[in-house]
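Biologist: I'd like to learn how to read a model like this one. Could you walk me through it, one feature at a time?

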Amino acid sequence: MQDGAAAMRPFVAQVAAVNAAAEIFRGLGAQVNRLLLPEAGRVLEANPRLRISSVEAALAHEERLPNFGAYDETLEFRLAEGREVSAVDYLRARRASATLAAEAHRTLADIDVFITATTPGVARPLAEVDANQDSYKYW
């Protein structure tokens with residue numbers, strides 16, 4: 001198991017890149033402030049295993065190509081997962097996500113530009129991910 005410092009090492013470059021982007025805006029005359037967005041930490045709680053997109057993707061693909069077996073096993077797995085989500089769980093995730101979005105909207109109401117990383121973590125090396133097909137199934 002990694003210690004805290006070792007676990008944070010991959011994020012150093014990500015934080016540096018966000019800070020560099022902020023400095024560009026500061027250099028252009030923008031007022032730059034740090035802001036905590038606690039709602040971001042609750043995204044997966046509101047939408048576990050990305051249920052909403054799994055269900056909606058399953059529906060979209062079902063209409064376009066009903067034979068899921070024509071897809072690779074990773075996409076087939078995700079689409080099948082979306083087909084298995086109950087209506088109650090889907091609607092619960094939609095409601096929780098809407099509530100979370102409204103909270104984030106209030107937090108960001110006075111913000112003109114919000115600079116952040118586009119993913120919650122650093123991507124794993126492709127060779128590591130490709131070494132095990134299951135890596136694609138669980139996000």
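Predicted model: local features only at pLDDT ≥ 70, side-chain atom pairs only at ≥ 80, totals over all residues.

Biologist: How many helices and strands does the protein chain have?

Modeller: There are 8 helices and 0 strands, which reads as α-α-α-α-α-α-α-α along the sequence.

Biologist: What share of the residues of the protein chain counts as buried?

Modeller: Of the 139 residues, 17% do. The accessible surface is about 10300 Å² (Shrake-Rupley method with a 1.4 Å probe; for residues, only the protein chains shown count as cover). Carbon and sulfur atoms hold 59% of that surface.

Biologist: Which residues make the nonpolar surface patch?

Modeller: Patches are made of residues with over 30% relative accessible area and no salt bridge; like charges are joined within 9 Å, and nonpolar side chains (Val, Leu, Ile, Met, Phe, Trp, Tyr) within 5 Å. Here Ile24, Phe25, Leu28 and Val113 make a nonpolar patch of about 420 Å². Phenylalanine 25 belongs to helix α2 (residues 11-27) and is partly exposed at 35%.

Biologist: Helix packing next. How do α4 and α5 pack?

Modeller: Two packed helices are described by the angle between their axes and the distance between the axes. Axes are lines fitted to C-alpha atoms, for helices over the stretch in contact, and angles run from 0 to 180 degrees between N-to-C directions. In this model, α4 and helix α5 (residues 73-84) pack at about 105°, with axes 7 Å apart.

Biologist: What do you call that arrangement of α4 and α5?

Modeller: Angles under 35 degrees count as roughly parallel, over 145 as roughly antiparallel, 65 to 115 as roughly perpendicular and the rest as oblique. So α4 and α5 are roughly perpendicular to each other. The contact (heavy atoms within 4.5 Å) involves residues including Val55, Ala58 and His61 of α4 and Leu75, Leu79 and Gly82 of α5.

Biologist: Is leucine 79 buried or exposed?

Modeller: Buried, because its relative accessibility is 1%. Leucine 79 sits in helix α5, and its C-alpha is 7.4 Å from that of valine 55, 24 residues away along the chain.

Biologist: How many salt bridges does the count come to?

Modeller: A salt bridge is a side-chain nitrogen of Lys or Arg within 4 Å of a carboxyl oxygen of Asp or Glu. By that rule there are 6. One of them joins glutamate 81 and arginine 49, at 2.6 Å, N to O. This pair links distant parts of the chain, with glutamate 81 in helix α5 and arginine 49 in the loop between α3 and α4, 32 residues apart. Glutamate 81 is buried at 19%, whereas arginine 49 is partly exposed at 30%.

Biologist: Which side chain meets arginine 94 in a salt bridge?

Modeller: That of glutamate 56, at 3.2 Å, N to O. Arginine 94 lies in helix α6 (residues 87-107) and glutamate 56 in helix α4, so the pair ties together parts 38 residues apart in sequence. Arginine 94 is partly exposed at 40%, and glutamate 56 is partly exposed at 34%.

Biologist: And what about arginine 92 and aspartate 89?

Modeller: Their side chains meet in a salt bridge at 2.9 Å, N to O. Arginine 92 and aspartate 89 are separated by about one helical turn, because they are 3 residues apart in helix α6.

Notes: Residues numbered from 1 in each chain as written. Heavy atoms only, no water. Helix = DSSP H or I, 4+ residues; strand = E, 2+ residues; numbered from the N terminus. Buried < 20%, exposed > 50% of the residue type's maximum accessible area, 1.4 Å probe, protein only.
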